[in-house]
Amino acid sequence: MAATKKKAVRKAKKGERIRQVAAIPFRLTPHGDIEVMLVTSRTTRRFIVPKGWPMKGKSGRKAATIEAQEEAGVLGKTLKQPAGTYSYWKRLANRFVRVDVIVYLLEVSEELADWQEAKRRQRAWLAPADAAMLIDEPDLSTLVKTLKIPQPVQVDQA
């Protein structure tokens, strides 16, 4: 993954847009309401969604699933179609670069008590409107606030 980040930084230095992948972990409450999980970033402690660099040999969806496990300690099914995209300014050592993020929904089936970044991050389940208020990136905030979970396809029995 470090090589992918270095490649992205090289692209950014040339003025090219770079991309990341993210997961929005979600679950349904017993009343059928949606809750999303946010995690804190390692450095600024702001609330974000699990995200990271694309991984060589893995689809964006698979990379987002891995990021959710590493950063939020959740397992589940990542939906095939992206839920949307957002852009943000990432701080590098001596500049800011624009990053485009492709976001996938991850239906959580298991929360791990101990996970890779447990000591460096906190996680919280929130209603989408509450989560949106805690997120600094406006495009991500809007995406979370207006989140729609695709319903399972119903097959007519003729």
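This briefing covers the charged side chains of the structure and how they pair. The model is predicted. Side chains of opposite charge can pair when their charged atoms come close. Here the count comes to eight salt bridges.

**Arg46 and its two partners**

- Arg46 forms a salt bridge with Asp136, with 3.8 Å between the closest N and O atoms.
- Arg46 sits in the loop between strand S2 (34-40) and strand S3 (47-48), while Asp136 sits in the loop between helix H3 (128-134) and helix H4 (138-145), so this pair ties together parts 90 residues apart in sequence.
- Arg46 also meets Glu137 in a salt bridge, at 3.2 Å from N to O.
- Glu137 lies in the loop between H3 and H4 and Arg46 in the loop between S2 and S3, so this pair ties together parts 91 residues apart in sequence.

- Arg46 counts as partly exposed because its relative accessibility is 29%.
- Asp136 has a relative accessibility of 52%, so it counts as exposed; the cut-off for exposed is over 50%.
- Glu137 counts as buried because its relative accessibility is 8%; the cut-off for buried is under 20%.

- The side chains of Arg123 and Glu111 form a salt bridge, with an N to O distance of 3.8 Å.
- This pair links distant parts of the chain: Arg123 is in strand S8 (residues 123-126) and Glu111 in strand S7 (residues 96-111), twelve residues apart.
- Arg123 has a relative accessibility of 25%, so it counts as partly exposed.
- Glu111 has a relative accessibility of 36%, so it too counts as partly exposed.
- Through salt bridges that share partners, Arg27, Glu35, Glu111 and Arg123 join into one network.

**Glu71 in helix H2**

- Glu71 is located in helix H2 (residues 60-72).
- Glu71 counts as buried because its relative accessible area is 6%.
- Leaving aside residues up to four places away in sequence, Glu71 touches Val39, Val49, Pro50, Lys51, Trp115, Glu117 and Arg121.

Key: Residues are numbered from 1 along each chain as its sequence is written. This is a predicted model: local features need pLDDT of at least 70, side-chain atom pairs count only at pLDDT 80 or more; totals for chains, interfaces and linings use all residues. Side-chain values use heavy atoms; hydrogens and water are left out. A salt bridge is a side-chain nitrogen of Lys or Arg within 4 Å of a carboxyl oxygen of Asp or Glu. Helices (H or I, at least four residues) and strands (E, at least two) are DSSP runs, numbered from the N terminus. Buried means under 20% relative accessible area, exposed over 50%, partly exposed in between (1.4 Å probe, protein chains only). Contact means heavy atoms within 4.5 Å.
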